[in-house]
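Subject: A structure for you to look at

Hi there,

Here is the structure I promised to pass on.

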Amino acid sequence: MENLLLIVKTIINKIKGSTRDLYMSVFVAAISWHESRRKWIGDPTQRSKSVPKDPIISWSTTYEDLLSTNDPFAEPIPLPEMVDFLVDIWQDEGLFD
């Protein structure tokens, strides 16, 4: 990333006038975005290798089962699992191809 920053700075320094200001503001915004993203996703080398867990939603759970109660789930349902669940239901009902 440092090499890229140096290249971009060199290019921007060669640009003159208001175009330079525009490129500079885009450059600063890009750096800010990458720094925020790095904080959000963390250091990939520090991530633990997670062991796949059993699904939280039972294979026999129906859409009505989920809607029939206002009680919170015992634990959060991972987004990919919920998406798979909904897509399966929508496919069964002909709502999703």
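Below is what I found, going from the whole chain down to single residues.

Please keep in mind that this is a predicted model, where local features need pLDDT of at least 70 and side-chain atom pairs count only at pLDDT 80 or more, while totals for chains, interfaces and linings use all residues. Residues are numbered from 1 along each chain as its sequence is written, and side-chain values use heavy atoms, with hydrogens and water left out.

The overall picture

The protein has four helices and zero strands, and its pattern along the sequence reads α-α-α-α. Helices here are DSSP runs of H or I with at least four residues, strands are runs of E with at least two, and both are numbered from the N terminus.

The C-alpha atoms fill a box of roughly 65 × 35 × 25 Å along the principal axes. The radius of gyration, taken over C-alpha atoms, is 24 Å, whereas a compact globule of 97 residues would have one near 13 Å. That globule rule is 2.2 Å times the number of residues to the power 0.38.

Of the 97 residues, 11% count as buried. Buried means under 20% relative accessible area, exposed means over 50%, and partly exposed is in between, using a 1.4 Å probe and protein chains only. Contact means heavy atoms within 4.5 Å; among contacts with a separation of 6 or more, 29% join residues 24 or more positions apart.

The core and helix α4

Which residues make up the largest nonpolar core? The six are I57, L66, I77, F85, L86 and I89. Helix α4 (residues 79–92) gives the largest share of this core, with three residues. A nonpolar core is a set of buried Ala, Val, Leu, Ile, Met, Phe, Trp, Tyr and Cys residues joined through side-chain atoms within 4.5 Å.

Leaving aside neighbours within four places in sequence, L66 is in contact with T61, F73, M82 and F85.

Is E81 buried or exposed? E81, which lies in helix α4, counts as buried because its relative accessibility is 17%. Beyond its neighbours within four places in sequence, E81 is in contact with P55, I56 and I57.

Helix α2

Now look at helix α2 (residues 18–41), where you will find S32. S32 has a relative accessible area of 39%, so S32 is partly exposed. S32 and K49 are 17 residues apart along the chain, and their C-alpha atoms are separated by 29 Å.

V28 is also found in helix α2, and V28 counts as partly exposed because its relative accessibility is 47%. From V28 to L66 is 38 residues in sequence and 46 Å in space, C-alpha to C-alpha.

Enjoy exploring!

Best wishes
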